[in-house]
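Take a walk through this structure, one part at a time. Begin with the sheet, then follow the loops and a helix.

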Amino acid sequence: MPEDPWGFDPSCGHLAGMDLTEWRVEAADGHIGVVDEQSDEAGNAFLVVDAGGWIFGKLLIPAGAVTRIDRARRTLHLSLRRGQVEDAPQFLPDPDQGDREYREDVVEYYRKTGPC
């Protein structure tokens, strides 16, 4: 996880205001799901990924995990493995997203599981 997990890395290809909803999300080792929601807010950028059938739920992925955006294929590539995402803390609805402890737990989980 990068130094600023809640911001898109400038080298990934993200442009401010870019709508990523319904784009495919690929881990380093395979497909994860599609973007259900996103936030581009400075210091609070993240994706909510609908993992569909293989996890049966939604996951909060800090924007710092995005390594590359392929506009032609409408696909986001992450620095994470499927197993890391599969075992990640589940997405919490709006009131809990801003909870500092929850956000720290999400980042800490990805830092502990290491790079892909």
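Six strands form an open sheet in the order β4-β3-β2-β1-β6-β5, with mixed pairing. Strands β4 (58-62) and β5 (66-70) stand at the edges with a single partner strand each, so one side of each has no neighbour in the sheet. From one strand to the next, the twist averages 35 degrees. That angle is taken between axes, which are lines fitted to C-alpha atoms (for helices, over the stretch in contact), and it runs from 0 to 180 degrees between N-to-C directions. Strands count as paired if DSSP finds at least two bridges between them. Helices (H or I, at least four residues) and strands (E, at least two) are DSSP runs, numbered from the N terminus.

This is a predicted model, in which local features need pLDDT of at least 70 and side-chain atom pairs count only at pLDDT 80 or more, while totals for chains, interfaces and linings use all residues. Residues are numbered from 1 along each chain as its sequence is written, and side-chain values use heavy atoms, with hydrogens and water left out.

Now place the sheet in the chain. The chain has 4 helices and 6 strands. Along the sequence, they follow the pattern β-β-β-α-β-β-β-α-α-α.

Start with β1. Strand β1 (residues 24-27) pairs with strand β2 (residues 30-39) in the antiparallel sense, over 4 bridges. A hairpin of 2 residues joins β1 to β2. Look at Arg24: in β2, Val34 stands opposite it. In β6, the bridge partner of Arg24 is Thr75. Strand β6 (residues 75-78) runs parallel to β1, and 3 bridges join the two.

Move on to β2 and β3. These two strands pair in the antiparallel sense over 5 bridges. Next comes the pairing of β3 (residues 46-50) with β4, antiparallel over 5 bridges. Here Leu47 has Ile61 of β4 as its bridge partner.

Stay with the loop between β2 and β3, where Asn44 lies. Is Asn44 buried or exposed? It counts as buried, because its relative accessibility is 18%. The cut-offs are these: buried means under 20% relative accessible area, exposed over 50%, and partly exposed in between (1.4 Å probe, protein chains only). Leaving aside residues up to four places away in sequence, Asn44 touches Trp6, Ser39 and Arg103. A contact means heavy atoms within 4.5 Å.

Arg103 belongs to the buried residues of α4, along with Tyr102, Val106, Val107, Tyr109 and Tyr110. Seen down the axis of α4, these buried residues fall within an arc of 150 degrees, so they line one face of the helix. The arc is that of the directions from the helix axis to the C-beta atoms. An α-helix has 3.6 residues a turn, so residues three or four places apart point the same way. The face of α4 turned away from its buried side carries the exposed residues Arg100, Glu101 and Lys112. Helix α4 (residues 100-113) has 14 residues and reaches 20 Å from its first C-alpha to its last, close to the 20 Å expected at 1.5 Å a residue. The expected span is 1.5 Å times one less than the number of residues.

Another loop links α2 (82-86) and α3 (94-97), and Phe91 lies in it. Phe91 is buried, with a relative accessible area of 17%.

Most residues other than glycine have a negative phi. Glu22 is not a glycine, yet its phi is positive, about 70 degrees. Glu22 lies in the segment before β1 and is exposed, at 65% relative accessible area. Arg74 also has a positive phi, near 50 degrees. Arg74 sits in the loop between β5 and β6 and is partly exposed, at 41%.

Finally, consider the chain as a whole. Buried residues make up 46% of its 116 residues. Among contacts between residues at least 6 apart in sequence, 56% join residues at least 24 apart. The accessible surface comes to about 6,100 Å², with 48% belonging to carbon and sulfur atoms. Accessible areas come from the Shrake-Rupley method with a 1.4 Å probe, and for residues only the protein chains shown count as cover.
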